[in-house]
Amino acid sequence: MKRDQSRRWTHFVQGSSTALPWLSLATGLLVSGLASAADDDRVLFRLTGSNTVGADLAPALVKGYLQSRGATAIRQRSEGEKHWIHADLNSAPVVVPIIALGSSTGFKALDSDTADIGMASRRIKSKEVTLLSRFGDFTSPEAEHVIGLDALVITVHKDNPINRLTLTQLAQIYRGEIRNWSQLGGADLAIRPLHRDIESGTRATFDSEVFGGSRPAKPFVYEVSGNHETRELVERNPAAIGYLPFADSEGMHKVAIKSGDLAAVVPDRGIIATEDFPLTRRLYLYRNPGRYNPQVDAFLHFVESPAGQQIVENVGFINLTPVALQMPPYANAPDGYRTLMENGSRLSISFRFADGSADLDNRALRDLHRLQAFMAQEENRDLSLTLVGFSDRKSNQNISDLISRFRALKVQGALLRDHKMGDSQIMAVGAFAPLTVDSEQGPVKNSRVEVWIN
């Protein structure tokens, strides 16, 4: 182990939080990293931002895109979190630089015009929307592209007997209200929580889902610089608890998480694909909506195509291509919904709405096309389609029922109007089976439309 790693490990065992010196170099790396590309290679476009997206997924997508364009001699050069994808395109050398230092750095790079695409493992924040507003609306479908799904997996040491936590208990651990594993039925050990650095979209997702928003780390919480360090520390310290992207959690002791009325679950591909798991997150690419770059547009189109989505799956994330899932019926489900669960299959698509409004969000707008393509496949043409609407809890059950019906009708109308799909049925189940009881997250997570086929 290197000297600085040994020092960090010592601080972790003692329960203190250390500064991350690499964060102070982030701005310089954004500039010097781009300058490191070969002087003679033409830059097609530049990506900056999330390490979750930029470490493996973005390089694989860029290589796939270049190959689809007929490029040859495709090769990758890497220095830490900086990558350059070189190729020969139309008999000329080209390069795509990728700088992966955290989601926040992507929006800063878009602001300073040192990137053409921002990579993010969380949605753009309102202050970033305001910062970039001179370029246009970064929440619009032209700017915001959901390219895949991931989930944060809560993990502990293999000898830790704790197998299940609620979101409330997880928040209590990171707030310091639960400080010893014995309070949860485990060993008499002081809990050592691990947290990602402040620039990380992974941390932003955790804070949003667990606390309802960003918050500074407590002094006893140890901040790690990346997913590899989280794995290493959890594997070595019986008192540790941390979170990892789904693709990086293989072989770890995973803790089932409970939220809302659903059972505690360890995430699998199916529950992540439907976005029912409480710590599911979307992976994003953002482009400047006020600037046209044909290479950027062509790359984003490739990423969202079946070929690009297959790469998302191959790297270890969950792609957005609809698949049929068998779901165990809920014992307390309304009669019609229970019959549907017993006799049908649920598609991995769940339509959601922008900030709990009446408008479909950007992923849902593209999912309309994906659903149309799925139903147009020869083997699916005879399937019947049922749209099941859900609402957030309201004081009046009748209002909840009306809202859930309105949600389903909204999707049905979009399919009929824009996609000439007029043979779907609707079902409304009100506020049944909420995915979260959090008052802030509820309107977005609970108000959804499931897609069932039989």
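Colleague: Where does Asn-90 lie?

Modeller: Asn-90 is in the loop that links β4 (82-89) and β5 (92-100); helices (H or I, at least four residues) and strands (E, at least two) are DSSP runs, numbered from the N terminus. Please note that this is a predicted model, in which local features need pLDDT of at least 70 and side-chain atom pairs count only at pLDDT 80 or more, while totals for chains, interfaces and linings use all residues. Residues are numbered from 1 along each chain as its sequence is written, and side-chain values use heavy atoms, with hydrogens and water left out.

Colleague: Is Asn-90 buried or exposed?

Modeller: Buried means under 20% relative accessible area, exposed over 50%, and partly exposed in between (1.4 Å probe, protein chains only). Asn-90 has a relative accessible area of 69%, so it is exposed. Its C-alpha atom is separated by 8.9 Å from that of Thr-72, 18 residues apart along the chain.

Colleague: What is the largest nonpolar core, and which residues have the most contacts inside it?

Modeller: In soluble globular proteins, nonpolar side chains tend to be buried together. A nonpolar core is a set of buried Ala, Val, Leu, Ile, Met, Phe, Trp, Tyr and Cys residues joined through side-chain atoms within 4.5 Å. The largest here has 47 residues, and Ile-154, Leu-165, Leu-170, Tyr-174, Phe-206 and Ile-241 have the most contacts inside it. Elements giving two or more residues to this core include α7 (167-175), α8 (201-211) and β7 (144-156). The most, seven residues, come from β7. A second, separate core has 31 residues, including Phe-45 and Val-312.

Colleague: Which residues does Leu-170 touch?

Modeller: Contact means heavy atoms within 4.5 Å. Neighbours within four places in sequence aside, Leu-170 is in contact with Ile-154, Leu-165, Phe-206, Val-210 and Ile-241.

Colleague: At what angle do α7 and α8 pack?

Modeller: Two packed helices are described by the angle between their axes and the distance between the axes. Axes are lines fitted to C-alpha atoms, for helices over the stretch in contact, and angles run from 0 to 180 degrees between N-to-C directions. For α7 and α8 the angle is about 115°, and the axes are 9 Å apart. Among the residues making the contact are Leu-170 and Tyr-174 of α7 and Phe-206 and Val-210 of α8.

Colleague: How many helices and strands does the protein have?

Modeller: There are 16 helices and 19 strands. Buried residues make up 55% of the 454 residues.
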